[in-house]
Amino acid sequence: MKLIATLAAPVAALALAGLTACAPQTSDTGAKEDAKSGTLRVWLFQEVNNKPKEQVVDAAVAAFEKAHKGAEVEVEYIPVETRAQRIKAAFNDPASAPDVIEYGNTDTAGYVKDGGLADVTAEFGAWDEAKDTDPTARESVTVGGKVYGAPLFVGARALYYRTDVFQELGVEPPRTQGELIATAKKIRKQKPELYGLAVGGAYTYGAMPFIWANGGELASRSGGSYTSAIDSAAARKGITAYTSLFGDDNCPAAKCASMGGNATVTAFASGKAAMAIGGDFSHQAVEAGSVKGKYAVVPLPGLRAGEIAPAFAGGNNIGVLRSSSHRTLAVDLMKRFAGKETQAKLFDAMGFLPTYTDVRAEAAKKEPFVEPFIKTLDAGAKFVPASPAWGRIDASLVLPSMFQEIVSGKKDVAAASKDAAEKMDAAFASAG
């Protein structure tokens, strides 16, 4: 195995999801051969602390090279903030392209439209381990009924809360969305130095559970096309619930309207908020903060007691490029990277939640902290529209702009959601 060093990029793996969706269709770069030996090039994402990931990858590569004499793997860890440009260039230039890539799961539809990812439907369907894949994770590699990769890990968000504050004020973890909002405002009233629940106008994935819990959807699909549903009556109920948390009685709009997910987690970790909606991937940041030892996590509640609000299923996938001249080998390497053994090791090394339900259950036994996140995923997480337009919608900040217009008082929920729906529909129409 050869390793090519690159500069680390300490950013989340999904931070630039979908930027390639605005790019034009690539030329036909389908491979003309399927060599059974030679060098396979792999691009994986550079993590903040990459060494544990490298060790897991090295073990998978060693097993692959042992099973395939004459085949060698060259791994390069690429900065996430430049991946959009690099991967787009690779789709257009097979000579410099890798055979296998790691990519954010919201990138799938855009990469498929660009013609860069290989259709591995047959191989995925025949793969014994694939039957245990979480349905939402499977959805993240599926476009138009065809499979374009294998899920590598999944992430979800739940409710972090301050156990010391709750005990001091005699409040219990909220069981419903209504209780969540009431509890946040009660804490703010009694402890005005704290945000009851840290929320952000730019925190799209923190707002989505409110929309979904109220029966709303981001978009509806008819045939092969999408239409925005963000202005439906149900979606507007969720938008109203989320934006009701912006104000002096919880999280002042002047400070919170511009906050994204990282800022809300930072507010919680630093002791400035009694609650926050954070991911399993936020655990290390919270542990490093002043609230260490004084918090717990529960699933974000739905409308009724016992219900869990649907969460966005984030995560990354592993795919094979259409241009690979080693397709058979590349698919096998994809399976080794995304297989159960490697995913279990990545959980131990990096905390990445496995995409297999059985492997995830074992992970929960090892680390009780992940239980509320696994419960959230098992309750039915949701995904963004499988359209290349989503990248444009996300990059254009359509939903954050909608929330910010509402909390600033510039528009009411009906007007802001109507405008957002029109922008989304324009993006869906242009994507074809």
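Good morning, colleagues. I shall begin with confidence. The chain has a mean pLDDT of 91, and 93% of its residues reach 70 or more. One stretch calls for caution: over residues 5-28 the pLDDT is below 50, although this stretch has 64 contacts in the model beyond near neighbours in sequence. Where pLDDT is low, the predicted coordinates should not be read in detail.

Let me turn to the aromatic rings. A search of the whole structure finds 17 aromatic pairs. Consider Phe153 and Phe352, whose ring centres lie 4.1 Å apart; their planes meet at 20°, under the 30 degrees required, so this pair is stacked. Phe153 belongs to strand 7, residues 150-155, while Phe352 sits in the loop between helix 14 (340-350) and helix 15 (357-366). The pair thus links distant parts of the chain, 199 residues apart. Phe153 has a relative accessible area of 13% and is buried, and Phe352, at 12% relative accessibility, also counts as buried.

A second pair is formed by Tyr205 and Phe312. Their ring centres are 4.2 Å apart and their planes stand at 15°, so these rings are stacked.

Arg157 is found in strand 8 and is buried, with a relative accessible area of 16%. Arg157 and Phe312 are 155 residues apart in sequence, yet their C-alpha atoms are 7.4 Å apart in space.

Phe373 and Thr376 bring us to helix 16, residues 371-380, where the buried residues are Pro372, Phe373, Ile374, Thr376 and Leu377. What covers these buried residues? The cover includes strand 7, strand 8 (157-162), strand 12 (273-279), strand 13 and helix 15.

Arg86 lies over the face of Trp43, 4.4 Å from the ring centre. In a further case, Lys340 lies over the face of Tyr356, at 5.6 Å from the ring centre.

I now move to the nonpolar cores. The largest one has 86 residues, and those with the most contacts inside it are Leu197, Met208, Ile230, Met275, Trp390, Leu399 and Met402. Helix 19, residues 413-431, supplies the largest share of this core, namely 8 residues. Leu399 shows how several of these names come together: leaving aside residues up to four places away in sequence, Leu399 touches Thr204, Met208, Leu218, Ile230, Trp390 and Met424. Another core lies apart from the largest one; it has 54 residues, among them Phe45, Val75, Tyr77 and Ala330.

Thr183 lies in helix 7, residues 177-190, and counts as buried at 12% relative accessibility. Beyond residues up to four places away in sequence, Thr183 touches Phe166, Pro174 and Met275.

Next, the cysteines. How many disulfides does the structure hold? There is 1 disulfide, and it joins Cys251 to Cys256 with an S to S distance of 2.0 Å. A disulfide is a covalent bond between the sulfur atoms of two cysteines. The torsion about the S-S bond of Cys251 and Cys256 is about -85°, so the disulfide is left-handed. Cys251 and Cys256 are both buried.

My last point concerns the backbone. Most residues other than glycine have a negative phi. Leu397, by contrast, has a positive phi, near 60°. Is Leu397 buried or partly exposed? At 48% relative accessibility, Leu397 counts as partly exposed, because the value falls between the limits of 20% and 50%. Leu397 is found in the loop between helix 17 (389-395) and helix 18 (398-407).

Thank you for your attention.

Methods
Residues numbered from 1 in each chain as written. Predicted model: local features only at pLDDT ≥ 70, side-chain atom pairs only at ≥ 80, totals over all residues. Heavy atoms only, no water. Phe/Tyr/Trp six-rings, centres within 6.5 Å; stacked < 30°, edge-to-face > 60°. Helix = DSSP H or I, 4+ residues; strand = E, 2+ residues; numbered from the N terminus. Buried < 20%, exposed > 50% of the residue type's maximum accessible area, 1.4 Å probe, protein only. Lys NZ or Arg CZ within 6 Å of the ring centre and 35° of its normal. pLDDT = per-residue confidence, 0-100. Contact = heavy atoms within 4.5 Å. Core = buried A, V, L, I, M, F, W, Y, C linked by side-chain atoms within 4.5 Å. Disulfide = S-S within 2.5 Å.
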